[in-house]
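Visitor: I have a model open on my screen. Walk me through its side chains and backbone, please.

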Amino acid sequence: MKTRLGAQALFVSLVLTTLTGCSMNESDDVPLTGTATSSAAADEAERVSSEIYDLIGIKGKASDTGPGVSDCSDKDPEKFFRIFHKWSFMPASAAELGGVMERLKEELPKHGWKVVEYGRDTSVNKNLQLTADNDKKKYSVNIVHRAKNDPPKLSLMVVSGCYQVPEGEKVERF
């Protein structure tokens, strides 16, 4: 159990540092998203994920995972935090995933997102991936089409900029 949690924490930290969205790879460049409690920020991350789910545009099922809280690098961890929401989308039919990444590449910019990376990853499977930023919302998303998985799916990671908790409150960890 500890190994699995450690591996998940390592994965999340790697994804958070490799997402280039909103210049989120350098702590000085991570945008301030605003002031909110961890719970309110998590609700916003779920809304952002829901909007992306709608843009996928095919029938399927999303995994039932909730957002998590992460530190904002060199900022005070008692006052500043980021929200991440890692989830998967499994289509009703694997064949429907065929053009979904190209469609997302075209549709995301129509909804305030800027595609900053698009292409094959360096994995053995050469998965197609897309990273996009939404400067207005201060969120980034990384979407990976895992065509060779059984069943094929999309893996998504939605990440916020840095939130600050309201005066007198502390960051809730979940």
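Predicted model: local features only at pLDDT ≥ 70, side-chain atom pairs only at ≥ 80, totals over all residues.

Visitor: What is the phi of Lys138?

Guide: Lys138 sits in the loop between E6 and E7. Helices (H or I, at least four residues) and strands (E, at least two) are DSSP runs, numbered from the N terminus. Lys138 is not a glycine, yet its phi is positive, at about 65°.

Visitor: Which residue forms a salt bridge with Lys137?

Guide: A salt bridge puts a side-chain nitrogen of Lys or Arg within 4 Å of a carboxyl oxygen of Asp or Glu. For Lys137, the closest N and O atoms of the pair are 2.3 Å apart. Lys137 lies in the loop between strand E6 (128-134) and strand E7 (139-146) and its partner in helix H2, so the pair ties together parts that are 86 residues apart in sequence. That partner is Glu51.

Visitor: How many residues apart are Arg47 and Glu44?

Guide: Their side chains meet in a salt bridge, 3.0 Å from N to O. Arg47 is partly exposed at 46%, and Glu44 is partly exposed at 22%. Both lie in helix H2 (residues 38-56), and about one turn of the helix separates them: three residues.

Visitor: Is Lys110 buried or exposed?

Guide: Lys110 forms a salt bridge with Glu107, with the closest N and O atoms 3.1 Å apart. Glu107 is partly exposed, with a relative accessible area of 23%. Lys110 has 60% relative accessibility, so it counts as exposed.

Visitor: How many salt bridges does a search of the whole structure find?

Guide: Among them are Lys137 with Glu51 and Glu107 with Lys110. Arg47 with Glu44 is another. The search finds four.

Visitor: Which residue does a cis peptide bond join to Asp150?

Guide: Omega is about 5° at this bond.

Visitor: What is the phi of Ser73?

Guide: Ser73 lies in the loop between strand E3 (68-70) and strand E4 (80-91). Ser73 is not a glycine, but its phi is positive, at about 45°.

Methods. Residues numbered from 1 in each chain as written. Heavy atoms only, no water. Buried < 20%, exposed > 50% of the residue type's maximum accessible area, 1.4 Å probe, protein only.
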